[in-house]
Amino acid sequence: MGALIPIENITGKIYFLRGKKVMLDKDLAELYGVEVRTLKQAVRRNIERFPEDFMFELTKDEFESLRSQFVILEGKGKYSKYLPFAFTEQGVAMLSSVLRSERAIQVNIEIMRAFTKLREMLAGHKELKKKLEEMESKYDKQFGIVFEAIRQLLEADSKPKRKIGF
């Protein structure tokens with residue numbers, strides 16, 4: 001069975017905030033096919049299921065920073081008076097218990113796969129970096145420039161890139 005949502009569409013909606021990989025309520029609502037207020041309402045009714053390490057509300061500074069980096073607000077909710085919720089991987093998993101639709105279950109599965117793929121990609125960079133350091137210690141200094149260039153490429157790749165446009 002094919003994926004309900006391409007994994008690239010999901011990974012492009014994962015942000016790094018407060019040192020955690022998170023997804024915003026607006027993006028999750030879009031993926032689940034519900035309104036943001038419906039998603040937030042379900043969360044507020046079951047707030048005991050969402051401790052701080054599962055979900056948190058963005059501060060005004062975090063929100064403004066995201067808004068200036070990316071166009072994260074579109075359409076109707078453009079000037080919402082409420083700050084967005086950010087859900088960690090565990091919070092997204094908990095959403096499937098409060099949003100009880102077949103689509104929510106399928107979307108959750110795809111999101112969990114995206115988080116796993118992202119984790120594997122980041123782990124792959126760490127392994128490559130370790131092998132590079134081992135090789136560097138074996139070879140003399142004349143290859144230092146080559147190793148430094150490769151290291152800089154790895155550093156640049158480790159920062160997740162946000163897709164712009166369609």
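## A loop residue to start with

R18 is partly exposed, with a relative accessible area of 39% (buried is under 20%, exposed over 50%, partly exposed in between, using a 1.4 Å probe and protein chains only). You'll find R18 in the loop between strand 1 (14-17) and strand 2 (20-24). Its phi is near 50°, a positive value in a residue other than glycine.

## About the model

This is a predicted model, where local features need pLDDT of at least 70, side-chain atom pairs count only at pLDDT 80 or more, and totals for chains, interfaces and linings use all residues. Residues are numbered from 1 along each chain as its sequence is written, and side-chain values use heavy atoms, leaving out hydrogens and water.

## The two sides of helix 3

Now look at helix 3 (residues 36-45), where L39, K40, A42 and V43 are buried. Seen down the helix axis, these buried residues fall within an arc of 160°, so they line one face of helix 3. (The arc is that of the directions from the axis to the C-beta atoms.) The face turned away from that buried side carries the exposed R37 and R45.

What covers the buried residues? Helix 2 (25-32), strand 3 (55-57), strand 4 (85-87) and helix 5 (89-98) are included in the cover.

## Helix 2 meets helix 3

The axes of helix 2 and helix 3 come within 8 Å and cross at roughly 105°. The two helices are therefore roughly perpendicular to each other (that label takes in angles from 65 to 115 degrees). Contact (heavy atoms within 4.5 Å) is made by D25, K26, L28, A29 and Y32 of helix 2 and V36, L39 and K40 of helix 3.

Methods
Helices (H or I, at least four residues) and strands (E, at least two) are DSSP runs, numbered from the N terminus. Axes are lines fitted to C-alpha atoms, for helices over the stretch in contact, and angles run from 0 to 180 degrees between N-to-C directions. Angles under 35 degrees count as roughly parallel, over 145 as roughly antiparallel, 65 to 115 as roughly perpendicular and the rest as oblique.
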